[in-house]
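Hello,

Here is the structure for your files. My notes follow below it.

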Amino acid sequence: MDMRRSTPCSRCRQRFMAKSVTKGADVECLSCKPNYLPIPADEQYSSSQQQHYGLRSRMRCFYSQIRGKVHQSTVTPSLNPDPSAFNSMKRPSKRAVLCGITYSNWKQYRLKGTINDVRNMRDLLINNFGYPGPFIRVLTEEEADPRFIPTRKNIEDSLRWLVSDIRQGDSLVFFYSGHGLRQPDFNNDEDDGFDETICPVDFQEAGMIVDNDLNTLIVRPLTPGVTLHAIVDACHSGTILDLPEVYMSEERKWVNCSPPSGAEKRTNGGLAISISACLDHQAAADTSAFTGKMNGALTYVLAEILKKLPGPTYGDLFDLINETLNNVNQSSCLANTRFLRRLFNSNFSQTPLLSSSAEFDVYKKHLFL
């Protein structure tokens with residue numbers, strides 16, 4: 001028995017698992033299809049297969065027929081405060097950028113759970129971790145202020161705002177829920193030959209934001225005493241920040257994934273930690289299994305764990321996430337699970353990934369956003 005794993009106990013695990021899975025729900029797998037660059041041959045599936053199984057992808061440049069009726073979202077009040085608050089209030093030590101994109105202007109790209117994800121994360125940060133609302137910048141298509149629409153420019157500007165004037169003791173969060181893609185790596189930075197990307201709402205015109213850019217924007221500027229957590233609920237998000245240390249949960253060890261080119265990817269003395277929905281070659285699922293509403297599977301499970309078990313170690317957190325997702329995938333309550341496994345040749349899986357700018361003991365270090 002590993003004595004370091006003192007929390008949570010087996011009873012807490014069972015209680016959490018029992019509360020997390022609701023019978024009679026559906027899962028919506030957001031698998032990948034190769035109209036965008038580039039998906040390995042073993043990940044490619046025909047349009048007829050996808051229509052047959054009623055699946056939609058997070059990489060949405062695919063088939064145009066979507067099962068069922070797509071409902072237009074209703075306009076809701078802005079989650080951002082009056083922009084003047086950013087200037088009138090003293091800069092706090094906790095700040096966050098939350099980005100959720102539905103791609104509502106393109107039915108064939110549309111995602112259903114991303115706005116719910118942003119609301120869930122905002123509530124978690126305010127109510128459980130003491131983040132001040134005026135310093136949580138929210139980017140969604142529902143925002144009336146054009147500065148908070150999740151275009152490429154606005155996302156990059158918000159990330160610059162996040163790390164501007166950082167000081168020792170600062171705690172920063174970047175959350176993203178939306179499409180994730182891959183593209184060829186031309187800089188010899190990736191062992192697998194692909195850069196991971198996130199897709200702004202205008203990615204077709206302005207382009208995607210690649211992992212190299214995210215590393216430059218929010219990892220490299222981190223100075224001593226500053227901690228960044230990035231939580232990315234998207235396909236292919238495993239190494240989305242290009243952090244050099246990757247934790248392998250099954251082997252329970254860190255693996256150094258520094259770029260073959262020798263490019264520097266570490267911080268300027270701070271700590272960057274990334275929690276990604278899946279491995280670089282995997283898809284990330286939206287599901288209604290938990291509440292009846294669509295949510296990113298990682299986002300919902302992560303938030304529920306942190307609400308019920310505040311301050312778990314990173315090791316215990318990932319053990320619980322993996323146990324819960326495995327339980328959902330294997331449970332008979334998900335009617336579409338058989339179709340998912342058939343589509344992916346029984347190999348469909350979503351394995352969340354932890355990466356960091358520096359190694360640490362995952363069963364001793366506790367997560368406090």
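**Helix α8 and the rest**

The buried residues of α8 are Ala297, Leu298, Thr299, Tyr300, Val301, Leu302, Ala303, Glu304, Ile305 and Leu306. Buried means under 20% relative accessible area, with exposed over 50% and partly exposed in between (1.4 Å probe, protein chains only). That is 10 of the 12 residues of α8, so the helix is largely enclosed by the rest of the structure. Helix α8 covers residues 297–308 and reaches 17 Å from its first C-alpha to its last, close to the 16 Å expected at 1.5 Å a residue. The expected span is 1.5 Å times one less than the number of residues. Helices (H or I, at least four residues) and strands (E, at least two) are DSSP runs, numbered from the N terminus.

Before you read on: this is a predicted model, where local features need pLDDT of at least 70, side-chain atom pairs count only at pLDDT 80 or more, and totals for chains, interfaces and linings use all residues. Residues are numbered from 1 along each chain as its sequence is written, and side-chain values use heavy atoms, with hydrogens and water left out.

**Helix packing**

The axes of α5 (residues 152–163) and α7 (residues 211–219) come within 8 Å and cross at roughly 35 degrees. Axes are lines fitted to C-alpha atoms, for helices over the stretch in contact, with angles from 0 to 180 degrees between N-to-C directions. On α5, the contact (heavy atoms within 4.5 Å) uses Arg152, Glu156, Leu159, Arg160 and Val163. On α7 it uses Asp213, Leu214, Leu217 and Ile218.

**Sheet**

Strands β5, β6 and β7 form an open sheet in that order, with antiparallel pairing. Pairing needs at least two DSSP bridges between two strands. The edge strands are β5 (180–184) and β7 (209–210). β5 pairs with β6 (residues 194–198) over five bridges. Leucine 181 stands opposite threonine 197 in β6.

**Aromatic pairs**

The whole structure holds five aromatic pairs. Rings of Phe, Tyr and Trp (its six-membered ring) pair if their centres lie within 6.5 Å; planes under 30 degrees apart are stacked, over 60 edge-to-face, the rest tilted. Tyrosine 103 and phenylalanine 203 have ring centres 6.2 Å apart and planes at 85 degrees, so this pair is edge-to-face. Both residues, tyrosine 103 and phenylalanine 203, are buried. For tryptophan 254 and phenylalanine 360, the centres are 5.2 Å apart and the planes at 65 degrees, so the pair is edge-to-face. Tryptophan 254 sits in β10 (residues 253–256) and phenylalanine 360 in the segment after β14 (353–356), 106 residues apart. Ring pairs link Tyr247, Trp254, Tyr314 and Phe360 into a cluster.

Best wishes
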